[in-house]
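Dear colleague,

Please find the structure below. My notes on what was found in it follow directly.

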Amino acid sequence: MASSQAPTSTEYIQHHLQNLVFGYHPENGLGIAHSGAEAAQMGFWSINLDSMFFSLVLGAFFIWLFKKAADNFNTGVPGHLQGCVEVIVEFVDTNVRDTFHANNPVIAPMALTIFVWIFLMNLMDLVPVDFVPRLGEAIGIPYMKIVPSTDVNVTMGLSLSVFVLMIYYSIKVKGGMGFVKELTLMPFGSSNPVVQAIFIPVNLLLEGVSLISKPISLALRLFGNMYAGELIFILIALLPFWAQWALSVPWAIFHILVITLQAFIFMMLTIVYMAMAHEHH
Amino acid sequence: MNLNLTLLGQAISFAMFVYFCMKYVWPPIINGLRERQALIAGGLADAEKSSQKREEAEAEIATLLQDAKVQAADIVAKAQKRGNEIVETSKDAARTEGDRLKLSAQAEIDQEVIGAREGLRKQVGSLAVEGARRILGSEVDQSKHNAVIDDLVKQL
């Protein structure tokens, strides 16, 4: 939207859905993509600067805030910040304890990080859609998506990390053979070796699909919800300025529920997947 | 919407944040919470204990009070008995003393009576002699008639 004349609705929407991509373009060389097509031509070896920037800032903010509360932790009467942090930590801790019964010191902090980080990333959705991108344009940044969780790379990055941990713990807890057995001897089993041999490919297909679908569904659920929410905010922003509040306020209020719920679902499913990885059969 | 390096960047950031959270954020908070839980549990247990102790103390107080009452009643009873005894003894002593005083007074009275009688007898003797001297109008020689007078006195 750096162009001088007012953009059409389509241009406006497309502009708002385009990340700030930095990478190597076959024709223009190393630099920032100036259109969606250019960004697509850069392929895999490029990076979404806006997603990275906002997610890192938000993650750092999470660590800073919680570390501050942790450093000044008072076992007596807690202050406001500590009270807030305690509620969140207790909430996560309770959920982890209820679902995850093995002994692993990584799971609870990971669940907390996922919950708060995703919540903060989703929360950016409540910042009016034009505020930060306009500021960016003023200093010469052509594109800016400030909600990292509307970038499929971000949600995939998280869910694939969870997936890798899932496989790592599955093999660590059950052993390589145990993991393979889980994929091949379930859900159909038989005491007859011949029947069992017939079942193995069927089981592998079923279990393989269910295994692969976990990170995909985890990432796309969050991405889809946030992307759709953001899109609706953008559509509302196309209305005349005096009418926008009638739709954007109810949608924003509803979205407060959505962003919290999506963060919670991502955390909860991560805990469930980790619990499944630690389960012995 | 294209998949690109951001994916890896996110995975790395995620790992980093989880590490920081695991190292610096989670343990102090969760330990603090556990500590507070222990503190509260301890406080409640202490309160329970002290309330139990108070009950015990109250029971002890009741027992002590009961004992004290019994003792006090005992002491009062003893004191009363002793008081009665003292009164009895005093009465006896007073009676004896009274008797003794009465006897000595009686003796004194007797003595007085005897003395008075002697004096009267002498005075009557003198009066008789004086009377006789006046009646006779003569000189009655005292020395001559002393024997007679003494005789008279003795007869009184």
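Across the interface of chain B and chain A in this predicted model, two salt bridges are found, a salt bridge being a side-chain nitrogen of Lys or Arg within 4 Å of a carboxyl oxygen of Asp or Glu. R36(B) forms a salt bridge with E86(A), and their closest N and O atoms are 2.7 Å apart. On the side of chain B that touches chain A, 20 residues are nonpolar, eight polar and three charged. Here Ala, Val, Leu, Ile, Met, Phe, Trp, Tyr, Cys and Pro count as nonpolar, Asp, Glu, Lys and Arg as charged, and the others, Gly among them, as polar.

The area buried between the two chains is about 3,600 Å², and carbon and sulfur atoms give 74% of it; buried area is the accessible area (1.4 Å probe) that two parts lose on being put together, summed over both. In chain B, F14(B), F17(B) and W26(B) lose the most area to chain A, together 20% of what that side buries.

In chain A, helix α1 (residues 9-16) has the buried residues Y12(A), I13(A), H15(A) and H16(A). Buried means under 20% relative accessible area, exposed over 50% (1.4 Å probe, protein chains only); helices are DSSP runs of H or I, at least four residues, numbered from the N terminus. Seen down the axis of α1(A), the buried residues fall within an arc of 160° (taken from the directions from the axis to the C-beta atoms), so they line one face of the helix. The face turned away carries the exposed residues T10(A) and Q14(A).

Residues are numbered from 1 along each chain as its sequence is written, and chains are lettered from A in the order in which they are written. Local features need pLDDT of at least 70, side-chain atom pairs count only at pLDDT 80 or more, totals for chains, interfaces and linings use all residues, and side-chain values use heavy atoms, with hydrogens and water left out.

Yours sincerely

Definitions and conventions: Helices (H or I, at least four residues) and strands (E, at least two) are DSSP runs, numbered from the N terminus.
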